[in-house]
Amino acid sequence: MVFLNFSTSQFLSFWVSHCVLSSDLPLTRHASRVTDYQFLMIVPIFLPHLGCQDRCIYCDQDAITDVNARGLKSRIEEILTSRKDPFEVGLYGGNIFNIKPEALRRLFSYFDNHRAVIKNFRISTKPVPLDDEVIAILIENRVTTIELGIPSFNDKILELLNRKHTAKDLENAFKLLTGEGFQVALQVMVGLPHETMEDIRETVAKIISLKPFYIRIYPLAFINGTPLADMYKAQKFVPITFDEAIHRAMLIYLNVLQHEIKTVKMGLTDNEVIKEKIIGGYYHPAFGFLVKSEAFYRAVSAKVAEAGFSGEVAVAVSNRDIPHLLGHKRSNIVRFNEAGLSITWQVNDIPTGTFLLRCRHKETAGNVFDALSGVRVE
Ligand code: SF4
């Protein structure tokens, strides 16, 4: 059996999500501070709109987190107080780079009672502004991973979104932060107003050239009360279909995975969103699963066509890939049937992300990257 164009490590990482490395780190600048990998639980703390001088037009973090008006310090205390085993703190939401140094020191001081069990922090932030003192505070407080939000690498779209930074700003921040020894990850989006396939191609190319520690892919949701939702209601842009959003996410996901860049998350999870406020866009509680199922459907279809198979086709996959082969509510099986294929499946001891096809007496092998045949975007 010959598997082409992929490595075992790619398949090992194919379905791995939220598998996060953390580290002990010496507090020196200008050197990698990541020395001793270990798996740690991440305790998320949401900082809705903290440091957000300007609101991005799609964002209402009061609607996408469960944070209420209680004081931040007491909330942190409540979340951390019963934890005895070492963990990592994830500071998510807001724009930490825009928090004034004095306020940022105060924020980190709220964790002082728990320093013995907090191994390190990770943060998410806009890539601007870049301030030496803020970066020094992050280093002092054992921040190891920084996730930079870059919805698109198209400056016109960034402007429309009111991001108040450019793609070049992101690249500058990425280089500076990696030079300081941080692990830098990226958060990208799909389904943005006026986004084209050329923008997706650019997103893929930039991710591959920057080589982030990992990425997250967020499909746009139209949250009632935001300027984006108003634009949507006024029909100021033509949204892509849900299926197209899945397809674009799949293109990013597979293309960067081919370069061994892991996507740790696709979509918002149920507890990150108040569904009643979403009036459009591409939110789905199983968005990541849908993307992976789409990849499997397209890959199997491509190999069936390439091999000239028809009628009854037996598919052997890893146990973990059976759901991806079947699709959400068996939608892939329905689609195969509509294409004239009668698919049967069996579990085989092969790497996740791969499959074997048999039709009459012929066999062929494939993998999820076959979904890219004819549509590669890099
Ligand atoms: S997307 Fe980030 S930077 Fe933009 S308003 Fe929301 S929290 Fe602030």
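Author: Start with a rule: two strands pair if DSSP finds at least two bridges between them. Keep in mind that this is a predicted model.

Now apply the rule. Strand E12 covers residues 311-317, and strand E14 covers residues 354-359. Four bridges join them, and the two strands run antiparallel. Find Ala316, then look across: Leu356 in E14 stands opposite.

Next, widen the view to the sheet. Four strands form an open sheet, in the order E13-E12-E14-E15. The pairing is mixed. Which strands stand at the edges? They are E13 (341-347) and E15 (362-367). Each has a single partner strand, so one side of each is left without a neighbour in the sheet. The sheet also twists, by an average of 25 degrees from one strand to the next.

A helix packs on this sheet. Helix H11, residues 287-307, touches E12, E13, E14 and E15. The direction of H11 makes about 145 degrees with that of E15.

Look at the loop between E14 and E15 before you leave. Arg360 is placed there. Its phi is positive, about 50 degrees, although Arg360 is not a glycine. Why mention that? Most residues other than glycine have a negative phi. Is Arg360 buried or exposed? Count the other C-beta atoms within 10 Å: there are 11, so Arg360 is exposed. The cut-off for exposed is 12 or fewer.

Two packed helices are described by the angle between their axes and the distance between the axes. Helix H10 covers residues 242-257. The axes of H10 and H11 come within 9 Å and cross at roughly 75 degrees. That makes H10 roughly perpendicular to H11. From H10, the contact is made by Ile246, His247, Ala249, Met250, Tyr253 and Leu254. From H11, it is made by Leu290, Val291, Glu294 and Ala295. By class, that contact has eight nonpolar, one polar and one charged residues.

Helix H4 (residues 101-109) and helix H5 (residues 132-140) pack at about 10 degrees. Their axes are 10 Å apart. The two helices are therefore roughly parallel to each other. H4 brings Pro101, Leu104, Arg105 and Phe108 to the contact, while H5 brings Glu133, Val134 and Ile137. These residues divide into five nonpolar, no polar and two charged.

The loop between E5 and H5 holds Pro129. A cis peptide bond joins Val128 and Pro129, with omega about -10 degrees. Here is the background: most peptide bonds are trans.

Strand E3 (residues 41-46) and strand E4 (residues 87-92) pair in the parallel sense over six bridges. Pro44 stands opposite Gly90 in E4. E4 also pairs with strand E5 (residues 118-125), again in the parallel sense, over five bridges. There, Phe87 stands opposite Ile118 in E5.

Then there is the ligand. Which residues surround the ligand? They are His49, Cys52, Arg55, Cys56, Cys59, Gln61, Gly93, Gly94, Asn95, Lys126 and Gly149. This shell divides into three nonpolar, six polar and two charged residues.

Two more residues deserve a stop. His194 is placed in the loop between strand E7 (183-190) and helix H8 (197-210). Its phi is near 65 degrees, a positive value in a residue other than glycine. His194 has 13 C-beta neighbours inside 10 Å, so it counts as partly exposed. Met231 is found in helix H9, residues 227-233. With 16 C-beta neighbours inside 10 Å, Met231 counts as partly exposed too. Leaving aside residues up to four places away in sequence, Met231 touches Pro193, Lys236 and Phe237. Met231 and Pro193 are 38 residues apart in sequence, yet 9.5 Å apart in space, C-alpha to C-alpha.

Finally, step back to the chain. It comes to 13 helices and 15 strands. Of its 378 residues, 42% are buried. Take the contacts with a separation of 6 or more: residues 24 or more positions apart account for 80% of them.

Methods
Residues are numbered from 1 along each chain as its sequence is written. This is a predicted model: local features need pLDDT of at least 70, side-chain atom pairs count only at pLDDT 80 or more; totals for chains, interfaces and linings use all residues. A residue is near a molecule or strand if its C-beta atom, placed from the backbone, lies within 6 Å of it. Ala, Val, Leu, Ile, Met, Phe, Trp, Tyr, Cys and Pro count as nonpolar, Asp, Glu, Lys and Arg as charged, and the others, Gly among them, as polar. Axes are lines fitted to C-alpha atoms, for helices over the stretch in contact, and angles run from 0 to 180 degrees between N-to-C directions. Angles under 35 degrees count as roughly parallel, over 145 as roughly antiparallel, 65 to 115 as roughly perpendicular and the rest as oblique. Two residues are in contact if their C-beta atoms, placed from the backbone, lie within 7 Å. A residue is buried if 20 or more other C-beta atoms lie within 10 Å of its own, exposed if 12 or fewer, and partly exposed in between; C-beta atoms are placed from the backbone.
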